[in-house]
Amino acid sequence: MNYSHDHHAGNAADCFKHLTLSLALERLLQKDSPLFYLETHAGAGHYRLAGEGENRLGVDKVWAARRELTGLSPWLDLLKEGAEDGVLQQYPGSPVIAARLLRPQDRMVLAETVAGVRERLREALGGRGRTSVLGEDGYAVLRAHLPPPEKRGLILMDPPFERRDEWEALASAILTAHTRWPQGCQIVWYPIKVRGMISRLFQALQRTLDFEVVELRQEPEIGGAHLVGSGLILVRPPWGLRERLLAALAALGPVLARGGFWDLSYRALPRSVPAREDTRPARRHQATVKE
């Protein structure tokens, strides 16, 4: 499998995911103790934006509205570094976002199996210290490096969902990470296509742990395998992240809306309670203004 993210870089899912990552790291960095950061599917680090890429429906819209947007720092500040003469030319992937926000004492372990992409990632990181870029399977890297000597930190899982068993492998990885490092924060991305796959993932996780779910959609769900948005599973999110994140996504959502539609929901799913019986109502926002 040689997945390439170049065409997808800066799409609506990236904006959602990377904004969340930056806000989570911002919260974690409020304490002095060192952090451990691990990515299972790191990617190239930097992506050159193209006129025909999915960035047109994502970060390009954010960039056009940047002067009116509030609450999106530090992610929006990092975007500015990829601009030339006021035009956004380069998009930072999650490893670069993390590297720019983390401190010298914070350690990074990044997994990327594709050799050419791995070399681009090393170049994008510019020789950052306390950083390992590994060519092994991301889930194997996760098992090998947990628990870390650092007490605090964050794991980002962002698989391409091209493996036949990806949903099952992802559930296993989340549970393994929590078992080996229960105090670690996890951010796990998933596509919103087939709702049944998502529900089964939640049910598998709820047998063991509590977690939170945030979803941002740009289209209504009408069935089929069409991508309408994406979601994030948050395991042990940093204190104060939920309020900060929902406020930021309420600003981002209308910018990414398609045909005037956007939908933001949040749920806390407790252990051993099936997802369909969630006792806390979803917090939801919807756009009413057409583009």
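Visitor: How many residues of strand β6 are buried?
Guide: In this predicted model, 5 of the 5 residues of β6, residues 107-111, are buried, so the strand is largely enclosed by the rest of the structure.

Visitor: Which way do they point?
Guide: R107, V109 and A111 point one way from β6, while M108 and L110 point the other way. Both sets are buried.

Visitor: And which strands pair with β6?
Guide: Strand β1, residues 35-39, pairs with β6 in the parallel sense over 4 bridges. In that pairing F36 stands opposite R107. Strand β7, residues 131-134, also pairs with β6 in the parallel sense over 4 bridges, and there A111 stands opposite L134.

Visitor: What do β6 and β7 make with helix α5?
Guide: A right-handed β-α-β unit, with α5 covering residues 115-125.

Visitor: Changing topic. Where is A9?
Guide: A9 sits in the segment before α1, the helix of residues 12-28.

Visitor: Buried or exposed?
Guide: A9 is buried, because its relative accessible area is 1% and the cut-off for buried is under 20%.

Visitor: What does A9 touch?
Guide: Leaving out residues up to four places away in sequence, A9 touches D14, Y47, L49 and N55. The C-alpha atoms of A9 and G58 are separated by 8.9 Å, and these two residues are 49 apart along the chain.

Visitor: What about Q218, where does that lie?
Guide: Q218 is in the loop between β10 (211-217) and β11 (229-235). Q218 counts as buried, at 5% relative accessibility.

Visitor: Which residues does Q218 touch?
Guide: With residues up to four places away in sequence not counted, Q218 touches A12, V228, G229, L256, R258 and F261.

Methods
Residues are numbered from 1 along each chain as its sequence is written. This is a predicted model: local features need pLDDT of at least 70, side-chain atom pairs count only at pLDDT 80 or more; totals for chains, interfaces and linings use all residues. Side-chain values use heavy atoms; hydrogens and water are left out. Helices (H or I, at least four residues) and strands (E, at least two) are DSSP runs, numbered from the N terminus. Buried means under 20% relative accessible area, exposed over 50%, partly exposed in between (1.4 Å probe, protein chains only). Contact means heavy atoms within 4.5 Å. Two strands pair if DSSP finds at least two bridges between them. A crossover is right-handed if, with the strands pointing away from the viewer, the path from the first strand over the helix to the second runs clockwise.
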